[in-house]
Amino acid sequence: MLTTAEKARGLADLPPVQSDSLLQLIALCNADERPEKIDVGVGVWRDGAGNTPILKTIKQAEQRLVDSQASKSYLGGAGDKRFAELLRPILLGQHAGDDRITGLQTPGGCGALRLGFELLAAANPNARVLFGAPTWPNHPPIIRSVGLQAVEYPYYERGQGAIRFEDMIAALEDANAGDIALLHGCCHNPTGADLSEDQWREVVRVVSERGLVPFIDIAYQGFGRGLDEDAFGVRLMLDACDEVVLAQSCDKNFSVYRDRVGSLWVKTGSVETTATAMAHVSQIAREMWSMPPDHGAAAVHIVLEDPQLREEWLGELSTMRDRINAVRQRIASADPRLAFIGKQFGMFSMLPLSKEQVLKLRQDHAIYMADSGRFNVVGLSDAQIDRFTAAVVEALDA
Ligand SMILES: Cc1ncc(COP(=O)(O)O)c(C=O)c1O
């Protein structure tokens, strides 16, 4: 047997990996034994008691699945087609009848992003992908993983709690035709700062005039203002552009995070071109995961198909959204310097704290947030909110 040193190259030659900072944070928090610790790092919705329960509607759907599912034989590369049909009007609204738009099930929003970028890279390997800074830390590596160049545009000024809108528009104006503009549909992660309707109009104008390809990541539909309101930008973009790519996730709004439920949507200028694009999508998906996992999408399918369960889910979604907005208002009212949090949407906001201040909160108060100052507002149980805001205000005063 040859030793590793004698082989040309082997597993022993792999360099160390710079592990995802959010995953590192979860590990640090888990290892902290202080009972009063506060975890506002991980991005899952929590109720007032600090739990992430399974939705009642999903539990019922899962029970029906157990009782009635007769087979687990293969479904095919597109997964559960009815799941995508049921999602269609929720995501596309007035565009649901446009047959130049097709969607298919993916393993979560992350799978949809990867698949969408693979498709765009196959179509135009020279396209650059413009992404806002800051963005979800997984965006740039996914873009680079398909061989596309990732280029930053300014999005948010943390010190002022405001979108750098003019800078963003200038950067998009400067892009080349065929470049891809990555945008967050709603509930911007990590900042919570969403584009206003007027700002969306302006972004849509620039994207369509410059001939950019919009790729909208919508992972939190219903967590901001409401299902339709949160899809405003998606639908406006569909009004104006012939080519649009959408990565959608059900993992948060159905609270099925680990079940990996999402979808990819592609619009082109004609039914024929969309069919060709989707044939590529199917081929790429086949090479990556063959078929998406069924269970979570099957449960979502049951909820959306049954009028009563669907109605109940809308109620559960409102409950999740209302808690997000209520916690935001409570934090915002604690100090004028936190007022911006009350005007933002979704689970995340960024505190204007230095890395040292974030580490001090970790050390002195067992408060775990990302080094960037990003925190999950509903990571806080009701009982933790006052202690959290007091510690943050103390850090801001220091
Ligand atoms: C902006 C954004 N896009 C996509 C995703 C991926 O979602 P999923 O868990 O469905 O893969 C997330 C998850 O945190 C996200 O924040």
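Is Cys187 buried or exposed, and what is its relative accessible area? Cys187 is buried, with a relative accessible area of 1%, where buried means under 20%, exposed over 50% and partly exposed in between, with a 1.4 Å probe and the protein chains only. The structure is a predicted model, in which local features need a pLDDT of at least 70 and side-chain atom pairs count only at pLDDT 80 or more, while totals for chains, interfaces and linings use all residues. Residues are numbered from 1 along each chain as its sequence is written, and side-chain values use heavy atoms, with hydrogens and water left out.

Although Cys187 is not a glycine, its phi is positive, at about 50 degrees. The loop between β7 and α7 also holds Pro190, and the peptide bond from Asn189 to Pro190 is cis, with omega near 25 degrees. Another cis peptide bond joins Ala133 and Pro134, with omega at about 0 degrees, and Pro134 belongs to the loop between β3 and α5. Arg260, found in the loop between β9 (244–249) and β10, is not a glycine either, yet has a positive phi of about 65 degrees; its relative accessibility of 31% makes it partly exposed.

**Close-up of aromatic pairs.** Searching the whole structure gives five aromatic pairs, a pair being two rings of Phe, Tyr or Trp (its six-membered ring) with centres within 6.5 Å, called stacked if the planes are under 30 degrees apart, edge-to-face if over 60 and tilted for the rest. In one of them, the ring centres of Phe117 and Phe215 are 4.6 Å apart and the planes are at 45 degrees, so this pair is tilted. The two residues are 98 residues apart and link distant parts of the chain, with Phe117 in helix α4 (residues 108–123) and Phe215 in strand β8 (residues 213–218). Phe117 is buried at 0% relative accessibility, and Phe215 is buried with a relative accessible area of 0%. For Phe375 and Phe388 the ring centres are 5.1 Å apart and the planes are at 35 degrees, so that pair is tilted. Phe375 lies in strand β13 (residues 374–376) and Phe388 in helix α14 (residues 385–397), so their pairing ties together parts 13 residues apart in sequence. Both Phe375 and Phe388 are buried.

**Close-up of an aromatic cluster and charges over rings.** One aromatic cluster is formed by Tyr220, Phe223 and Phe348. Over the ring of Phe348 sits the charged end of Arg374, 3.9 Å from the ring centre; a charge counts as over a ring if NZ of Lys or CZ of Arg is within 6 Å of the ring centre and within 35 degrees of the ring normal. Arg225 likewise lies over the face of Phe345, at 4.0 Å from the ring centre.

**Close-up of helix α6.** Phe165, Met168, Ile169, Ala171 and Leu172 are the buried residues of α6 (residues 165–173). Seen down the helix axis, these residues fall within an arc of 160 degrees, so they line one face of α6, the arc being that of the directions from the axis to the C-beta atoms. An α-helix has 3.6 residues a turn, so residues three or four places apart point the same way. The buried residues of α6 pack against β3 (128–133), β4 (149–154), β6 (162–163), β7 (180–184) and α7 (197–210), contact meaning heavy atoms within 4.5 Å.

**Close-up of the ligand surroundings.** The ligand is surrounded by 13 residues, the closest being Asp217, Tyr220, Asp251, Lys252 and Arg260; a residue counts here if one of its heavy atoms lies within 4 Å of the ligand. A polar side-chain atom of Asp217 is 2.6 Å from a nitrogen atom of the ligand. Polar side-chain atoms of Asn189 and of Ser249 each lie 2.7 Å from an oxygen atom of the ligand.

**Close-up of Ser263.** Ser263, in strand β10 (residues 261–267), is buried with a relative accessible area of 0%. Its side chain is joined to that of Gln248 by a polar contact of 2.8 Å, which is a pair of N or O atoms within 3.5 Å; within protein, one must be able to donate a hydrogen and the other to accept it, and residues adjacent in sequence count only if both atoms are side-chain atoms. Not counting residues up to four places away in sequence, Ser263 touches several residues, including Phe83, Leu104 and Ala247.

How values were computed: Helix = DSSP H or I, 4+ residues; strand = E, 2+ residues; numbered from the N terminus.
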